[in-house]
Amino acid sequence: MALLAAGVVRTIWRLRSRILLVVNVVFRRRLHCCIVATILCAAPCALTEINPPLEGPAETWFNGPERQDFPWRVKLSQTELTFQQRHYVRVGIGFRVADLIRAGASFNDLYLVVRLSDKDGHWLPGQSYGHFHVPADASPKDGLQSTTHLFVRAGDYKIAVMAYDSVHRRGNLWRGDLHVSTPGSDPLPGIEEDLPAVQFLTSDALTRLPPETTISSVVSLYPRPLGEGELRLTVANAHPVLVDIVVVNPMSYLSELVPISNVLSQMRLKSGCVRASALDLFSRIVLPDRQDARTVDWAMVAKAMPPYPISPYANDAKVLIGESQEPAFFVHSLEQLSDTSKACQIADPAPLHVLIIVSESYHFVQRAERLRVNPSRLPGVLCYNLRHRADAVFGWEELSKVIEPLHPVTLTVSNPLQFRKALANLIAGIERASRELPPAKR
């Protein structure tokens, strides 16, 4: 009876995992379709440049007082810490076509510009710039909405948002304060010091809203790119270290595994090397394979991984074989890490070997043979299992059983602040282990 119950639970878990994959694929496809539709709609009415000169008195306006020639709404979101350890801010701008008409503003040449200055009023490099031609068939009942996305380093700023009609010289200028704070009792103080003060990511095209839509209710779904610059993640190891980052199924569900791995790859050892590998268990693909982490394009890693079969009832031979071989492929890929000659050349013949496995919770199919890593293939390795757990309810985790012989230190994170703390603990653990090596290995 117990065996029957266990089999039923396994089946339910696997079905649940496949359903999540279906949701993931459908969501991504719908989001992709929405983005494509927005681009197609906006292409004839929006021209963008990186840092174009503003026409007429617009540049002068930025250094002058606030003004408002027509009603509008500017909404500044709360600052959000991301898994990339960047502070994300969103600026929403909305107005009604009818209000533009009443103000005598032209539809033919409308600019939207967002800029940031430091607390002393000096403009920071970059801006969000949109040059829009509103469609001729726009109805007075329509609303217009644009959203600007940016990463901002911790600090105090002034933000300026301008809408400007260059034909009739009508427009608005809004100013506000932006405070971006680091987490209380920051476990990694100074981590942002080398980042740009602001990175303008992109602006959503000026979109038309249905007449019944309130501008304040609009939500922008935006897939955030990886941030520019490098975090300051110095590791003061006393002995040369070889770090292997292995991310498992980076495209599983709607995970944060790629941003997490990107952050880990920015660790800078006092002596040694950081390698990165990405495993797709189902397709049995390793891309990249023990590559110097400094050279890995993590955005391309996410794009290169093949999609999962989206049917939860797929029973063709390739699917069955692929699923049954997942544990063996996982074990083989980890044991291959014993080859310390690939990608990194370390002068010390016996560096401290650190393995960081980045994964979600995962369950193998019932027909797959349960295997474990042979610790003799990775002698003396210091293993960390950094698990991103978006849902603590479904905690059936089998990857940890595969690496159990390596006695991993498990670090479970479900939000960016937990990851920040885990990252601090991981760095401290590497430093401590490098100091505690037996004299024969130094």
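1. Start with a cut-off. A residue is called buried when its relative accessible area is under 20%. Valine 74 has 18% relative accessibility, so valine 74 counts as buried. Keep in mind that this is a predicted model.

2. Where does valine 74 sit? The residue is found in strand S3, which covers residues 73-76. Leaving aside residues up to four places away in sequence, valine 74 touches Val91, Gly92, Val161 and Trp174. Serine 146 is 72 residues away from valine 74 in sequence. In space, their C-alpha atoms are 9.9 Å apart.

3. Next, the nonpolar cores. Nonpolar side chains tend to be buried together in soluble globular proteins. The largest nonpolar core here has 44 residues. Which members touch the most other members? They are Leu233, Val243, Leu264, Ile356, Leu386 and Leu426. Helix H9 (residues 416-435) gives the largest share of this core, with 8 residues. A second core is separate and has 29 residues. Leu144, Leu150, Val152 and Ala197 are among its members.

4. Take valine 243 from the 44-residue core. Its contacts, not counting residues up to four places away in sequence, are Met267, Leu269, Cys273, Val274, Arg275, Val354, Ile356 and Ile430. Two names on that list come up elsewhere in this note. Ile356 is also one of the core members that touch the most others. Cys273 belongs to the disulfide.

5. How many disulfides does a search of the whole structure find? The search finds 1. A disulfide is a covalent bond between the sulfur atoms of two cysteines. Here cysteine 273 is joined to cysteine 344, with 1.7 Å from S to S. The angle about the S-S bond is -40°, and the link is left-handed. The pair links distant parts of the chain, 71 residues apart. Cysteine 273 is in strand S16 (residues 272-280). Cysteine 344 is in the loop between H7 and strand S19 (352-359). Are these two cysteines buried or exposed? Both cysteine 273 and cysteine 344 are buried.

6. Two helices deserve a look. Helix H7 (residues 326-335) is mostly covered, with 8 of its 10 residues buried. The buried ones include Phe329, Phe330, Val331 and Leu334. Glu326 and Glu335 are also among the buried residues of H7. Helix H4 (residues 257-264) holds serine 261. Serine 261 has a relative accessible area of 0% and is buried. Beyond residues up to four places away in sequence, serine 261 touches Ile245, Val247, Trp298 and Val358.

7. Now strand S20 (residues 382-388). The strand is mostly covered: 6 of its 7 residues are buried. Cysteine 383 is buried too, at a relative accessible area of 1%. S19 and S20 run parallel and are joined by 6 bridges. Isoleucine 357 stands opposite asparagine 385 in S20. S20 also runs parallel to strand S21 (residues 409-413), with 5 bridges between them. Tyrosine 384 has valine 409 in S21 as its bridge partner.

8. Aromatic pairs come next. A search of the whole structure finds 8 of them.

9. Why is the pair of tyrosine 111 and tyrosine 129 called tilted? The ring centres are 5.7 Å apart and the planes are at 55°, so the pair is tilted. Tyrosine 111 lies in strand S6 (residues 110-118) and tyrosine 129 in strand S7 (residues 128-132), so the pair ties together parts 18 residues apart in sequence. Tyrosine 111 is buried at 1% relative accessible area, and tyrosine 129 is buried at 7%. Together with Trp61 and Tyr164, these two tyrosines form one aromatic cluster.

10. Last, arginines over rings. Arginine 67 lies over the face of tryptophan 61, 3.9 Å from the ring centre. Tryptophan 61 belongs to the aromatic cluster of point 9. Arginine 115 has its charged end over the ring of phenylalanine 62, 4.4 Å from the centre.

Key
Residues are numbered from 1 along each chain as its sequence is written. This is a predicted model: local features need pLDDT of at least 70, side-chain atom pairs count only at pLDDT 80 or more; totals for chains, interfaces and linings use all residues. Side-chain values use heavy atoms; hydrogens and water are left out. Helices (H or I, at least four residues) and strands (E, at least two) are DSSP runs, numbered from the N terminus. Buried means under 20% relative accessible area, exposed over 50%, partly exposed in between (1.4 Å probe, protein chains only). Contact means heavy atoms within 4.5 Å. A nonpolar core is a set of buried Ala, Val, Leu, Ile, Met, Phe, Trp, Tyr and Cys residues joined through side-chain atoms within 4.5 Å. A disulfide is a pair of cysteine sulfur atoms within 2.5 Å. Rings of Phe, Tyr and Trp (its six-membered ring) pair if their centres lie within 6.5 Å; planes under 30 degrees apart count as stacked, over 60 as edge-to-face and the rest as tilted. A charge sits over a ring if NZ of Lys or CZ of Arg is within 6 Å of the ring centre and within 35 degrees of the ring normal. Two strands pair if DSSP finds at least two bridges between them.
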